[in-house]
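This briefing accompanies the sequence and structure shown below.

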Amino acid sequence: MTMKFLSVPFVLLPRGAFLLVCAVLMLGTPPAKAQKAPPRAVPVEDPPVLPKAVPVDPKDLPKGVVPPRAQAVVEDTAPKGPDQDLFDYAMLAFSQKDYAIASQSFGKYLQSYPQGKQVPWALFRLGECYRFEGKTEEFQRCYREVVDRYPKSEAAPNAAYWLGVSSYNGGDFKAAASYFALCESKTEVPAVKLAAAFYKSEAYSGLKDRKKQLEALKPVLAVKKGNDFLEKALLSSATILQSDGKNKEALPVLMELLETSIDPKVKADAALKAAIIQSEMKKPELAAGMYDQVLKNKEAAPEQQGAALVGLISELSAKGSWDEITDLYNQNVMLKPPAELRPRMFMQVGNAHRAKKSYARAIDLYDMILRFSPDHELAFEAAYWRVYCFYMLEDRRLGQYASEFLKSYGSSHKDREFINKARLLVADYHFNRQEYKPAAEQYGQIQVNSLAAPLRPSTWFHKGWSEAEAGKHSDAVASLSEFINGSPQDAGIPKALAKRGLSYKEGHENDKALADFQRIIKDYPNDESVELAYYLSAVVHGDQGKTKSMIEDFEMLVKLFPTSPAKGEACYRAGVGYIDLKDTVKALPLLRKAVEADKKSYGKVGSEKIQLCLWNKQDAEALAQEVDAYRSTYRDITLPPSMLGFLGLTFFKHEDFTRSARYLSLAATPDVPENTDPRIWNFLAQSLLETKKYDDSVKAVDNFLRTSPDPLSKALGEVTRSKALLGAGKPDESIAAADEGLHIVKDGGVQGQLLIVQGDALIAQGDKLETEGNHDGAAEKWKAAAAKFVVPSQVLADPRVTPEALDKAAKALDRLSDKRGADQMRALLKKDYPKYQAK
């Protein structure tokens, strides 16, 4: 039969994370009927030879190994008999490998001489013949007979040895251990004793009895010289101690092996094991050095180098040496660690790239795990970090990747923190993009209290903020309260108070809102949220109708934060507040500041409020400037007619008829004249008359007269109308208009004005006739005009009318060449009205 080597792999993994794989690689695959491993002392050859411990001929022995004493027949000086001759003949055939003749001869010897002194050896050699002929049952029967019937014979240890080998090959490790123990105890050959002891330990290994295995190795380990099993024993011993957690005892054994062995493969095995122990003993530098030895050992098995690579990466990962990890991985990219370790390596290298913010490269490594090891325990973690990297890359497909992650693992790993974290990544992604509605939905699915403690405060904060922005104010209050109460020292408390206060406000809980705003102002006076707190406090006070408190808050906001973006609104609303309190003096400067700070928002409405304040102050000049600036900036606007009327009437009073006409024209509604105050039409007509806009004046006074004024006002209107018609070159119509007035008034100043206008019209008619060469006709008109002027000059003593009548009567008489009459009129004018200046 063909014997097999005993093969025990010694590839181990680093650190506690690899315990399961470590156990498999350290202890090897347990023997079973389907997989048997006999002692390595039996080489794989066909036809096989006897083990070194049981030589057949001295020339076949390795140096230092002596043959069993039973074979030294040359020392026997007794005369030979037929039994010895037959035995010698059988041995000759055996030495010549003529096993058929040898077995017949040994059999004949046993039959013929059952009490012969060579019976034990004859039975053993017969078994050897059967063994070489592949007759398992036969050789086992012969060996057992030697052991059972002749336990004290020199052949018994050899038979026991081969029974141990056969039992080991058959998977009967208990029997193998027993036979090797028998061989060890009976043989007097040191090499055989050493081999039996070692393979006894291997049998105990097959029985998974590490305690007995370790005990069996002690005599093997005691022989330091000429011991072919020493290295194997050291490795086995170290493996057992390491598996039992006795790293302190295992490490010296491995270090001895490293110092004494000249076999690179054995040194690689020992270095790998020693690295694992040093790693577990928190000696990272020593562990890294051992892993590096394995990596540089050119004769180390590929799986050993691969395991060392993973181990060294693990040590560097614990140190946070991210650059070294990525460099090491790139330098050894062709190495393939054992399949069980590859996911761990990809994970750690991916984590290194993630720490270096090389997120795209990290994704590639995580994808390796998901693609080639989708069922590995690290696949879940890799999938999460993949989503995280997409988040850090601000990839628009984050939602898709996160959804896929949650779909794959949401149920099977529902209690794992990464599920919550994945939802948190999606929520934060939307939050950072100010997409508050989807952010609030995602935050709502997160079990915040299941997150790691450091993540909870910011999650409550962002959740509450998103809910507030999404209009879920009751939810926002609850979330922000969790943050405020749970993290009272957090720097974000003022902002959270401001946002919660705003949600209280939206929920019509104004008192609670004010409490939050006042808390910010009182407890966090240097925080930037104070600005917002003053603003919101003012708004709430305004909503409550507490105008004074609102003004105080807005004024403090402007005082403490002069560059605040809310300055315009604060000044405007405070100004309006003062208007409501009837204090336009304080309102005016605030409204001007509002316009200056935010012209876009408050230029128009602010100017309107300023105009009201100036109107209230009766400051026509400043009001006119404000109105003019306002009208030049804003087109198609409507101003209060009463305010414009105030301006027009004020300027009329000051005889600034041009500006009077301007503002009164703005106050009038020519398309719907009845909608305009009659006074506006009256003074507009007079202003237009003064500015020589006669046709417009006629239209204005006509609108006035249509309003059915009282008789006196109507008569005055006719004065204006007749003057305007005269100015428009219509003396006939002017005289007729004056007649309309004279039908109303029979005396007084108004009558005098009407007569003067008629006189002016007659003068105009006479002057026209004179230019046409009709002197008589002209003289007639001038005479009639003089008569009109004389009446008020003689009858009235009105300083507004009489002097003008005297002056114009004198001029009419001048036209008639009545010097005496003209001089009399001028004398009266000079006497009674010395300061009169003709217009």
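The model is predicted, and the protein chain has an average pLDDT of 86, with 91% of the residues scoring at least 70. Residues 1-76 have a pLDDT below 50, and this stretch makes 165 contacts in the model beyond near neighbours in sequence. Where pLDDT is low, the predicted coordinates should not be read in detail.

**Helix α2**

- Helix α2 comprises 14 residues, 82-95, and spans 20 Å from its first C-alpha to its last, close to the 20 Å expected at 1.5 Å a residue.
- Its buried residues are Gln84, Leu86, Phe87, Ala90, Met91, Ala93 and Phe94.
- Among the elements that cover these buried residues of α2 are α3 (99-112) and α4 (119-132).

**Salt bridges**

- The model contains 38 salt bridges.
- An α-helix has 3.6 residues a turn, so residues three or four places apart point the same way.
- Both partners are buried: Arg131 has a relative accessible area of 5%, and Glu128 has a relative accessible area of 0%.
- A salt bridge also joins Lys512 to Glu509, where the closest N and O atoms are 3.1 Å apart.
- In this pair Lys512 is partly exposed, at 43% relative accessible area, and Glu509 is likewise partly exposed, at 34%.
- Lys808 and Asp760 are paired in a salt bridge whose closest N and O atoms are 2.6 Å apart.
- This pair links distant parts of the chain, 48 residues apart, with Lys808 in helix α40 (residues 802-815) and Asp760 in helix α38 (residues 748-771).
- Asp760 is partly exposed, its relative accessible area being 22%.
- Salt bridges also connect Lys505, Glu506 and Asp543 in a network.

**Ser564**

- Ser564 lies in the loop between α27 (547-560) and α28 (567-580).
- With a relative accessibility of 7%, Ser564 counts as buried because the cut-off is under 20%.
- A polar atom of the Ser564 side chain lies 3.0 Å from the backbone nitrogen of Ala566.
- When neighbours within four places in sequence are left aside, Ser564 is in contact with Glu531 and Leu557.

**Ser607**

- Ser607 is located in helix α30, which covers residues 599-617.
- Ser607 is buried, with 4% relative accessible area.
- Not counting residues up to four places away in sequence, Ser607 touches Val595, Tyr602, Glu626 and Tyr630.
- Ser607 and Arg592 are 15 residues apart along the chain, and their C-alpha atoms are separated by 7.7 Å.

How values were computed. Residues are numbered from 1 along each chain as its sequence is written. This is a predicted model: local features need pLDDT of at least 70, side-chain atom pairs count only at pLDDT 80 or more; totals for chains, interfaces and linings use all residues. Side-chain values use heavy atoms; hydrogens and water are left out. Helices (H or I, at least four residues) and strands (E, at least two) are DSSP runs, numbered from the N terminus. The expected span of a helix is 1.5 Å times one less than its number of residues. Buried means under 20% relative accessible area, exposed over 50%, partly exposed in between (1.4 Å probe, protein chains only). Contact means heavy atoms within 4.5 Å. A salt bridge is a side-chain nitrogen of Lys or Arg within 4 Å of a carboxyl oxygen of Asp or Glu. pLDDT is the predictor's confidence in each residue, from 0 to 100. A polar contact is a pair of N or O atoms within 3.5 Å; within protein, one must be able to donate a hydrogen and the other to accept it, and residues adjacent in sequence count only if both atoms are side-chain atoms.
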